[in-house]
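Please keep the sequence and the structure in view while going through the points, which are grouped by topic.

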Amino acid sequence: MDVAPDADAEAVEAVDGVFLTQGAVGDDVSIQRFEIEPGETVPEHDHPHEQVGVITAGRLTFVADGEERVVGPDDTYVIPGGEPHAAENRTDEPVVGFDIFSPPRADPDWGE
């Protein structure tokens, strides 16, 4: 068993106001913590990884296929691999959550 202590992880500012912290990486999945500051946006992007997540604090608006979906604390979601999506924090509070990726998405180039 491997453990990835949160204290050992360093957050990366992937885009302005969006901080990602890589957690454990297995053979088939990986997990990352995210924090999105008030008013900030994750621009539309896609990746081959299936993405399953949970919001632990705040409310996040996802935009996919021209449809908006708001997710809040304890809500879970799934984004199929290859589906273009964006996320916006339209509130005055930070949004915090976790994303699980399959296959693993370890150390991606956030500039892509």
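This is a predicted model: local features need pLDDT of at least 70, side-chain atom pairs count only at pLDDT 80 or more; totals for chains, interfaces and linings use all residues.

**A first look at the chain**

**Aromatic rings and a charge over a ring**

- A pair of aromatic rings is described by the distance of the centres and the angle of the planes.
- The chain has one aromatic pair by the rule that ring centres lie within 6.5 Å.
- That pair is made by Phe62 and Tyr77, whose ring centres are 4.7 Å apart and whose planes meet at 50 degrees, so the pair counts as tilted.
- The pair links distant parts of the chain, since Phe62 belongs to strand S6 (residues 60–64) and Tyr77 to strand S8 (residues 76–79), with the two residues 15 residues apart.
- Elsewhere, Arg105 lies over the face of Phe101, at 5.4 Å from the centre of the ring.

**The four-stranded sheet**

- An open sheet is formed by four strands in the order S4-S9-S6-S7, and the pairing is antiparallel.
- Strand S4 (41–45) and strand S7 (67–71) are the edge strands of this sheet, each of them pairing on one side only.
- From one strand to the next, the twist of the sheet averages 20 degrees.
- Strands S6 and S7 run antiparallel and are joined by five bridges, and within S7 it is Arg69 that stands opposite Phe62.

- Strand S1 (residues 12–15) pairs with strand S2 (residues 18–25) in the antiparallel sense over three bridges, and Val12 stands opposite Leu20 in S2.
- S1 and S2 form a hairpin with two residues between them, and Gly17 in the turn has a positive phi of about 75 degrees.
- S2 also runs antiparallel to strand S3 (residues 30–36), to which it is joined by six bridges, and the bridge partner of Val25 in S3 is Ser30.
- The hairpin that joins S2 to S3 passes through four residues.

- Asp65, which lies in the loop between S6 and S7, has a phi near 55 degrees, a positive value in a residue other than glycine.
- Asp65 has 66% relative accessibility and therefore counts as exposed, the cut-off for that term being over 50%.
- Asp74, found in the loop between S7 and S8, likewise has a positive phi although it is a residue other than glycine, with a value near 75 degrees.
- Because its relative accessibility is 66%, Asp74 also counts as exposed.
- The peptide bond from Ser102 to Pro103 is cis, with omega near -5 degrees, and Pro103 is found in the segment after strand S10 (95–102).

**The annotated domain**

- In an unreviewed entry, UniProt lists residues 33–101 for "domain: Cupin type-2".

Key
Residues are numbered from 1 along each chain as its sequence is written. Side-chain values use heavy atoms; hydrogens and water are left out. Rings of Phe, Tyr and Trp (its six-membered ring) pair if their centres lie within 6.5 Å; planes under 30 degrees apart count as stacked, over 60 as edge-to-face and the rest as tilted. A charge sits over a ring if NZ of Lys or CZ of Arg is within 6 Å of the ring centre and within 35 degrees of the ring normal. Two strands pair if DSSP finds at least two bridges between them. Axes are lines fitted to C-alpha atoms, for helices over the stretch in contact, and angles run from 0 to 180 degrees between N-to-C directions. Buried means under 20% relative accessible area, exposed over 50%, partly exposed in between (1.4 Å probe, protein chains only). UniProt positions are given in the numbering used here, feature names are shortened, and annotations may be inferred rather than shown by experiment.
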